[in-house]
Amino acid sequence: MDYTKLDDYRQVIETILSEYASIPYSYAKIQSEVVFDQSRDRYLWMDLGWDGDRRIHGCLVHIDLIDGKIWIQRDGTEEGIAADLEQAGIPKEHIVLGFRPPELRPYTGYAVA
């Protein structure tokens, strides 16, 4: 396993998620948080707060590093976090759209597993 590559992937993921989380909400008292667990290679972007009297608490993006590949488990972005990863230099064959059913992954242009 190439630990340099994994360290690069961790840094790219953390940078992208931190940039998204830094964008403030203008219409509600909602804050974005990032959760980075490098020992388990799990990365989350969460929203929490209040929109009027409605509680907001949810995961917008969940990424895992599994067997040297970036698994996108949840993607709540408009454009798709995979595009940001690609733009940062991550090859498509190292990105798995884990939120897509396994039988559809061969048609996504990204890694199957």
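Here are some questions about the labels, each answered from its cut-off.

This is a predicted model, so local features need pLDDT of at least 70 and side-chain atom pairs count only at pLDDT 80 or more, while totals for chains, interfaces and linings use all residues. Residues are numbered from 1 along each chain as its sequence is written, and side-chain values use heavy atoms, with hydrogens and water left out.

Q: Why is the pair of arginine 10 and aspartate 7 called a salt bridge?
A: The term asks for a side-chain nitrogen of Lys or Arg within 4 Å of a carboxyl oxygen of Asp or Glu. Here the closest N and O atoms are 2.7 Å apart, so the pair qualifies. Both residues sit in helix H1 (residues 3–21), 3 residues apart, or about one turn of the helix. Helices (H or I, at least four residues) and strands (E, at least two) are DSSP runs, numbered from the N terminus.

Q: What makes arginine 10 count as buried or exposed?
A: Buried means under 20% relative accessible area, exposed over 50%, and partly exposed in between (1.4 Å probe, protein chains only). Arginine 10 has 13%, so it counts as buried.

Q: What does the pair of aspartate 64 and arginine 42 tie together?
A: The two form a salt bridge, with the closest N and O atoms 3.6 Å apart. Aspartate 64 belongs to strand E3 (residues 54–66) and arginine 42 to strand E2 (residues 42–51), so the pair links parts that are 22 residues apart in sequence. Aspartate 64 is buried at 8%, and arginine 42 is partly exposed at 41%. A search of the whole structure finds 4 salt bridges.

Q: Which residues touch the most other members of the largest nonpolar core?
A: Ile13, Ile63, Ile70, Ile72, Leu85 and Ile95 do, out of 22 residues. A nonpolar core is a set of buried Ala, Val, Leu, Ile, Met, Phe, Trp, Tyr and Cys residues joined through side-chain atoms within 4.5 Å. H1 gives the most to this core, with 7 residues.

Q: With which residues is isoleucine 63 in contact, leaving aside its neighbours within four places in sequence?
A: Contact means heavy atoms within 4.5 Å. The partners of isoleucine 63 are Ile13, Asp41, Arg42, Tyr43, Ile70, Trp71, Ile72 and Ile81.
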